[in-house]
Structures are given as structure tokens and as C-alpha cells.
Amino acid sequence: MKKLIIALPFLLTACSKKNTAPTTPTPAFSVTAAINGVPTTFNAIITVDSSSTPGTVYIVAHADSANLTPLLEITLTGKTPLTTGNYPISDSTGGNQSAIGYTAWAGDQDNQYNSISDTVILTTVNKTWLAGTFQGTCQFTLDSVVSVTNGQFTVPLPSIF
């Protein structure tokens, strides 16, 4: 009988534990891509705007906080709230769309390269952050093109979206 009395408190403690699902920790925020084959990190300043245009999220990431360039822009337009999936450069059905832009200094001038082809795949969407992959081609002039490959982002999602 003494063994049962001693074991009873341990049994009650073990049975009283709550089963809670583990929470997914927030990852470190980052934006990376290969620009014309050169791996580049755009983590100096990352901003995410979802309030300027309803249904659109703008991600702007700078590689250099002093000069704010080069910078990479990723625009996602689609359903509100955002959903995981493919965001191509154009969609004639009114579905998800994306645009990638790249800006770099050339002397005293900032050259803005606009998207001519791209794909963004949104892989994670939750209340506090977004993650995905991207690739594309951006053009400044006919003979000045930037290839963006192996792009990955994990960025905070403003709470107002």
C-alpha cells in the first residue's frame, strides 16, 4: 500500500500535463539571390509594405544600408489574404501576379531594372511572416539586363494585412 501512495503523486502529475502543439519559431528574416551569377545578400534593410495598395505586398531589400543600393524589389498581387502558390509576372484571369525589380548605382545615377520575366512562389504565409522563392530577368535598356536566380526570402508580414 505504501508503494501506491508514493507513486500516486507522480501519476497525477504526469496525467495533468496539457498536450499543446509545438509552435513554429519565427525564422531569421533574409532576402538572397544570385545577381548575374553572383550570390548577393539583401539584409541591410528589409521593408514590407502591405498598406499602400490593398491586395498588394511590396518587399524592398537593400544590400547596403549606407547607399541603399543595390536593392531588390518583389511585388506580390493577389488574393487577400495572401495564399501560398505561384505568382507569375502576368495572369489574364485576375489571379496572383508578381514583379521583380533591381536597382544599382552606376556613377551618380541609379539604374532601375524593371521585370521582363519572373516567377515568385510563395511557400509560407502565416500571421507574422512570408517565405518564398523567386527568379527572373530585369532590364534597364536593351543591352543592359540583370539575371536574378536562386532567390529566397523570409520577411516579416505587417500585422495590418
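The points below go from the overall chain to its rings and then to its core. This is a predicted model, in which local features need pLDDT of at least 70 and side-chain atom pairs count only at pLDDT 80 or more, while totals for chains, interfaces and linings use all residues. Residues are numbered from 1 along each chain as its sequence is written, and side-chain values use heavy atoms, with hydrogens and water left out.

**Overall chain**

- From the N terminus, the order of elements is α-β-β-β-β-β-β-β-β-β-β.
- Of the 161 residues, 30% are buried (under 20% relative accessible area, with exposed over 50% and partly exposed in between; 1.4 Å probe, protein chains only).
- Contacts (heavy atoms within 4.5 Å) that join residues at least 24 apart make up 47% of those between residues at least 6 apart in sequence.
- The chain exposes about 9800 Å², with 57% of it supplied by carbon and sulfur atoms; areas come from the Shrake-Rupley method with a 1.4 Å probe.

**Aromatic pairs**

- The structure holds three aromatic pairs (ring centres of Phe, Tyr or Trp, the latter by its six-membered ring, within 6.5 Å; planes under 30 degrees apart are stacked, over 60 edge-to-face, the rest tilted).
- Tyr 113 and Phe 140 form a tilted pair, at 5.5 Å centre to centre and 45 degrees between the planes.
- Tyr 113 lies in strand E8 (residues 109–125) and Phe 140 in strand E9 (residues 129–141), so this pair ties together parts 27 residues apart in sequence.
- Tyr 113 is buried at 11% relative accessibility, whereas Phe 140 is partly exposed at 32%.
- Phe 134 and Phe 153 are also tilted, because their ring centres are 6.1 Å apart and their planes at 35 degrees.
- Phe 134 is in E9 and Phe 153 in strand E10 (residues 144–156), so the pair links parts 19 residues apart in sequence; both residues are buried.
- Tyr 102, Tyr 113 and Phe 140 are linked into a cluster by ring pairs.

**Nonpolar core**

- The largest nonpolar core has 27 residues (buried Ala, Val, Leu, Ile, Met, Phe, Trp, Tyr and Cys joined through side-chain atoms within 4.5 Å).
- Those touching the most other members include Val 31, Leu 72, Tyr 102, Phe 134 and Phe 153.
- Elements giving two or more residues to this core include E1 (30–35), E4 (56–62), E5 (71–77) and E7 (97–106).
- E10 gives the largest share, four residues.
- Beyond its neighbours within four places in sequence, Phe 153 contacts residues including Val 31, Ile 59, Ile 74, Val 120, Leu 130 and Phe 134.
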